[in-house]
Amino acid sequence: MSVQLSVDGRRVDVNVDPRTTLLDLLRERLDVIAPKKGCDHGQCGSCTVLLDGRRHLTCLALAVAQDGAEIVTAEGLAGGPDGEHDLHAMQRAFLEHDGYQCGYCTPGQICSAVGMLAELADGHPSHVSPDLTAAPKATDEEIRERMSGNLCRCGAYVGILAAIRQSAQASA
Amino acid sequence: MRPFAYHRPADPAEAVALVAADPAASFLGGGTNLVDHLKLGVTRPGTLVDVTGLGLDTVEQTDASLRIGTNVRNSDLAAHPALRAGWPAVSRALLAGASGQIRNQATTGGNLLQRTRCVYFQDVTTPCNKRESGSGCSAIGGYGRYNAVLGASGQCVATHPSDLAVALAALDAVVVVLGPDGERRIPATELHRLPEEHPEHDTTLRHGELITAVELPSSPLAARSTYQKARDRASYAFALVSAAVGLDLDEDGTVRDVRIAWGGVAHKPWRATRAEDALRGEQPTEDAVRAAVDIELTGANTDDQSAYKLPMVRATTTYAVHRLLEGSR
C-alpha cells in the first residue's frame with residue numbers, strides 16, 4: 001500500500017506491506033536510524049519520534065496508518081549539517097550534562113523530552129500535578145513522571161534530568 | 001505477523017459494515033495494544049479497519065454532560081479543561097495510565113477495549129481460555145499476583161487493565177455504540193462483563209459494534225471525584241488495585257451520595273454498590289470507609305499470591321476519600 005510521509009523534512013512516497021511498523025519503515029527502508037529498536041513492544045521509548053509535533057512510539061504504529069504524517073526524528077531536530085552549532089538546544093543540553101552513557105536510548109529520550117516540554121507549555125497536567133486545574137511547572141518530580149516512558153539501562157537518569165531541567169528553564 | 005488487509009474508511013457506517021460482514025475483521029484505533037498483539041500472535045485478524053479516519057475526535061460540553069468522541073486521544077482528553085474541572089477522576093485515571101507517548105496515541109474507545117495484561121494471555125506458548133477458548137487457564141495455580149479477587153470463574157481469573165474504564169464506571173458514564181442495526185447506549189458498568197464460561201468475550205459488544213462516543217453526566221459527585229492507583233513502580237505500570245471515588249456531602253458532612261469503583265480486582269471495573277449503600281447517610285470517617293469496603297469484599301476470593309489486594313483496596317479507597325475531604329482532586 002502506498003504511504004506518503006515527511007521524514008526530517010524529506011518527502012517520502014513508499015509502498016509498504018500493511019504489517020510494516022513505522023519503526024521498521026524508517027530504519028529498514030528509509031535508512032533513518034535515529035529511532036532505535038529497543039523492546040519493540042512500547043515499553044522502552046527508544047523508538048520515539050515527533051509525529052505531527054507530538055511524541056509518538058514508532059514500534060506500536062503501523063506505517064499504513066500514518067499516511068500524510070510529518071515525522072521528525074532526533075536527527076531531524078538538528079538544524080542542518082552535522083556540527084555542534086547546528087544541534088537542537090535539547091541535544092546540546094544532553095551533551096553538557098552527560099545525559100547518556102551508551103547512547104542507545106538517547107534519540108528517543110531527546111524526542112520525548114522535546115515533546116514533553118511542549119505538552120508542559122500547553123498546560124497539560126500529569127499524574128503528579130497537585131492541582132489538575134493549575135498550570136503545571138517543570139519541577140524535577142514533573143519531569144521524572146512525564147519521562148517515565150523512556151528507559152535508560154545505563155542509568156544516566158541524573159544527567160538526563162539535568163539536561164531537560166536546563167532546557168525547560170531556558171525555554172520558560 | 002500474519003498477513004492482513006487494511007482499510008481506512010471515512011464513514012462510521014462503512015467501518016461498521018466492513019467489520020460486521022467479516023468474522024476475522026477487527027477495528028484498529030491508536031494501535032498501542034493491538035499492534036503489540038499482532039506481533040505476539042495473541043490475535044490474528046484477517047482484516048484491520050482503521051477507525052482513526054472517521055473523525056469522532058471532538059469533546060462537546062452541554063449543561064448536563066460531556067460527550068467525548070471515540071477518537072479523542074488519551075492525552076488530549078486528560079488535559080481538557082472541562083474534564084479537569086468537572087470530572088477530575090477521569091483525568092486522573094488517564095494520567096495514571098501508560099506513558100506520555102502512549103497517551104498521545106491511544107484513543108478513548110481503544111482504551112476501553114484494551115485486553116488484559118495477564119502474563120499467560122500474552123504468552124502464546126501457554127494455555128489461556130481468553131486467548132483460545134477451551135485451552136485452559138494457566139493463571140489458576142500459576143503466577144497469581146495479578147489475578148482477580150472478585151467475580152472470577154473457573155475459566156478465567158484475569159483483570160481488566162484500563163484505568164479510564166474504572167473512572168467511567170464510577171461516574172455513571174454511558175458508552176455510545178454504532179452497530180449494523182443502528183445506535184445503542186450502554187451504561188459503562190455494563191460494557192465489560194465477568195468471565196463466567198466465556199472469558200474470550202471481554203465486553204457485551206457484538207462483533208461489528210463500534211464505540212463512537214462516551215458521555216459523562218454532570219453532577220456534584222463527578223466534580224468532587226478522584227482516582228487513586230497502587231502499582232509496582234511509581235509510574236508507567238498497570239494497577240495492582242485502584243479506586244475511583246466521587247463524593248457528595250450534606251452541610252453537616254454526612255454522605256449524601258457516593259460512587260466507588262475499583263480496578264485491578266476483577267474481569268471488569270468493579271462498581272462497589274454495596275459499599276456505596278453502606279456509606280450513604282454516614283460520616284465518611286476512615287473507620288466507616290473501611291467497614292463499607294469490607295462489606296463489598298465479603299465475596300472476595302484470594303490465595304497466597306493475591307491476598308495482598310484486599311488490604312490494598314481498603315487503603316486505596318480510604319486514601320481517595322481522605323484526599324477528597326482534604327479538598328484535593
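In this predicted model, helix α3 (residues 89-96) of chain A and helix α4 (residues 106-121) of chain A have axes that come within 10 Å and cross at roughly 125°. Helices here (H or I, at least four residues) and strands (E, at least two) are DSSP runs, numbered from the N terminus. Axes are lines fitted to C-alpha atoms, for helices over the stretch in contact, and angles run from 0 to 180 degrees between N-to-C directions. The crossing of α3(A) and α4(A) is right-handed, where a crossing is left-handed if the near helix is turned anticlockwise from the far one by less than a right angle, and right-handed if clockwise.

On the α3(A) side, A:Met90, A:Gln91 and A:Phe94 meet A:Thr106, A:Gln109, A:Ile110, A:Ala113, A:Val114 and A:Leu117 of α4(A), contact meaning heavy atoms within 4.5 Å.

From α3(A), the contact draws on A:Ala89, A:Met90, A:Ala93, A:Phe94 and A:Glu96, and from α6(A) on A:Ile160, A:Ala163, A:Ile164, A:Gln166 and A:Ser167. Seven nonpolar, two polar and one charged residue form this contact of α3(A) with α6(A).

Stepping back to chain A, the domain assignment gives domain 1 (2-77) and domain 2 (84-171); such bounds come from an automatic or database domain assignment. The C-alpha centres of the two domains of chain A lie 21 Å apart, and 16 residues of domain 1 are in contact with 18 residues of domain 2. A:Val72 sits in strand β5 (residues 70-72) of chain A. This valine, A:Val72, touches A:Asp8, A:Val49, A:Leu50, A:Leu77 and A:Cys111, not counting residues up to four places away in sequence. A:Val72 and A:Asp52 are 20 residues apart in sequence and 8.2 Å apart in space, C-alpha to C-alpha.

Chain B is assigned domain 1 (5-50) and domain 2 (221-326), with 36 Å between their centres, taken over C-alpha atoms. An unreviewed UniProt entry places the feature "domain: FAD-binding PCMH-type" at residues 1-221 of chain B; UniProt positions are given in the numbering used here, feature names are shortened, and annotations may be inferred rather than shown by experiment. The end C-alpha atoms of residues 1-221 of chain B lie 46 Å apart, and the span is 26% helix and 18% strand.

Helix α11 (residues 286-296) of chain B and helix α12 (residues 309-326) of chain B have axes that come within 9 Å and cross at roughly 135°. The pair α11(B) and α12(B) is therefore oblique, and the crossing is right-handed. B:Glu286, B:Val289, B:Arg290, B:Val293 and B:Asp294 in α11(B) meet B:Val313, B:Arg314, B:Thr317, B:Thr318 and B:Val321 in α12(B). Four nonpolar, two polar and four charged residues take part in the contact of α11(B) with α12(B).

Residues are numbered from 1 along each chain as its sequence is written, while chains are lettered from A and ligands numbered from 1 in the order in which they are written. Local features need pLDDT of at least 70, side-chain atom pairs count only at pLDDT 80 or more, and totals for chains, interfaces and linings use all residues, while side-chain values use heavy atoms, with hydrogens and water left out.

Key. Angles under 35 degrees count as roughly parallel, over 145 as roughly antiparallel, 65 to 115 as roughly perpendicular and the rest as oblique. Ala, Val, Leu, Ile, Met, Phe, Trp, Tyr, Cys and Pro count as nonpolar, Asp, Glu, Lys and Arg as charged, and the others, Gly among them, as polar.
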